[in-house]
Amino acid sequence: MFEDMKKDLKKKMDLSISVFQKNLAKIRTGRANPNLLDSIKVEIYGSSLPINQATSVVVEDNRTLLLNAWDKSNIPAIEKAILKSDLGLNPSTSGTSIRLVLPPMTEDTRMLYIKQAKQEAEHARISIRNLRTDINKKIKNTAKEASWSDDEQKRYASVVQTITDEHIDRIDKILKEKEKEIIGT
């Protein structure tokens with residue numbers, strides 16, 4: 001019974017880390033990265049689509065993304081979506097291509113992005129801790145039904161804490177790598 005609970009806990013904690021990594025991918029590092037545009041939605045064909053479903057996104061060089069629209073008539077909507085985003089990018093259009101030149105990062109913007117990354121890491125840690133709290137409650141409730149001894153409950157809680165610590169360490173390592181990317185550019 002506890003093994004199933006443990007397996008489920010690991011799965012949920014891994015999912016939290018995956019969401020954390022996706023959120024970090026949206027934070028600019030100074031190098032062009034197509035994931036930077038993942039949060040942008042374009043209003044075309046009467047619906048809201050992710051930008052990568054309306055264009056192909058290619059890294060042209062370290063600071064330039066090249067977007068090739070599938071349909072030339074969608075270019076104004078794509079430009080509008082980019083301008084509306086909080087990324088601070090100015091699209092430059094020629095034909096069916098849109099060029100996005102990422103401005104160089106200043107020390108202030110780097111510190112701002114590091115702060116944003118730390119906030120995302122804290123959200124992930126909170127998520128992990130909430131999962132720990134939930135399973136500890138589940139262990140206490142199940143202990144009564146399954147007549148687990150106090151020692152078993154403590155051992156299970158210790159295993160849960162070990163899993164929690166491992167996942168928080170992973171978050172910290174991922175955060176350090178992201179900080180290096182932001183500062184190193």
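Author: Phe2, Trp148 and Tyr156 are joined into a cluster by ring pairs. Here, rings of Phe, Tyr and Trp (for Trp, its six-membered ring) count as a pair if their centres lie within 6.5 Å; planes under 30 degrees apart are called stacked, those over 60 edge-to-face, and the rest tilted. By this rule there are two aromatic pairs. Phe2 and Tyr156 make a stacked pair, with 4.1 Å from centre to centre and 15 degrees between the planes. This pair links distant parts of the chain, since Phe2 sits in helix α1 and Tyr156 in helix α4, 154 residues apart. Helices (H or I, at least four residues) and strands (E, at least two) are DSSP runs, numbered from the N terminus. For Trp148 and Tyr156, the ring centres are 4.8 Å apart and the planes stand at 70 degrees, so this pair is edge-to-face. Phe2 and Tyr156 are both buried, and Trp148 and Tyr156 are both buried as well. Buried means under 20% relative accessible area, exposed means over 50%, and partly exposed is in between (1.4 Å probe, protein chains only).

Before we move on, a friendly word about what you are looking at. This is a predicted model, in which local features need pLDDT of at least 70 and side-chain atom pairs count only at pLDDT 80 or more, while totals for chains, interfaces and linings use all residues. Residues are numbered from 1 along each chain as its sequence is written, and side-chain values use heavy atoms, with hydrogens and water left out. The predictor's confidence in each residue, pLDDT, runs from 0 to 100. The protein has a mean pLDDT of 88, and 99% of its residues reach 70 or more. Confidence is lowest in strand β5 (residues 91-94), at a mean of 86, and highest in α4, at 93.

Asp14 belongs to helix α1 (residues 2-25) and Arg170 to helix α4 (residues 150-183), so the pair ties together parts that are 156 residues apart in sequence. Asp14 is partly exposed, at a relative accessible area of 34%, and Arg170 is partly exposed too, at 38%.

Turn now to Arg125. Its salt bridge with Glu122 brings the closest N and O atoms to 2.8 Å. Both residues lie in helix α3 (residues 107-146), three residues apart, which is about one turn of the helix. Arg125 counts as buried, with 13% relative accessibility, whereas Glu122 is partly exposed at 33%. Arg125 also meets Asp172 in a salt bridge (2.8 Å, N to O). That pair links distant parts of the chain, with Asp172 in helix α4 and Arg125 in helix α3, 47 residues apart. Asp172 counts as partly exposed, at 26% relative accessibility. Together, Glu122, Arg125, Arg129 and Asp172 are linked in a network of salt bridges.

How values were computed:
A salt bridge is a side-chain nitrogen of Lys or Arg within 4 Å of a carboxyl oxygen of Asp or Glu.
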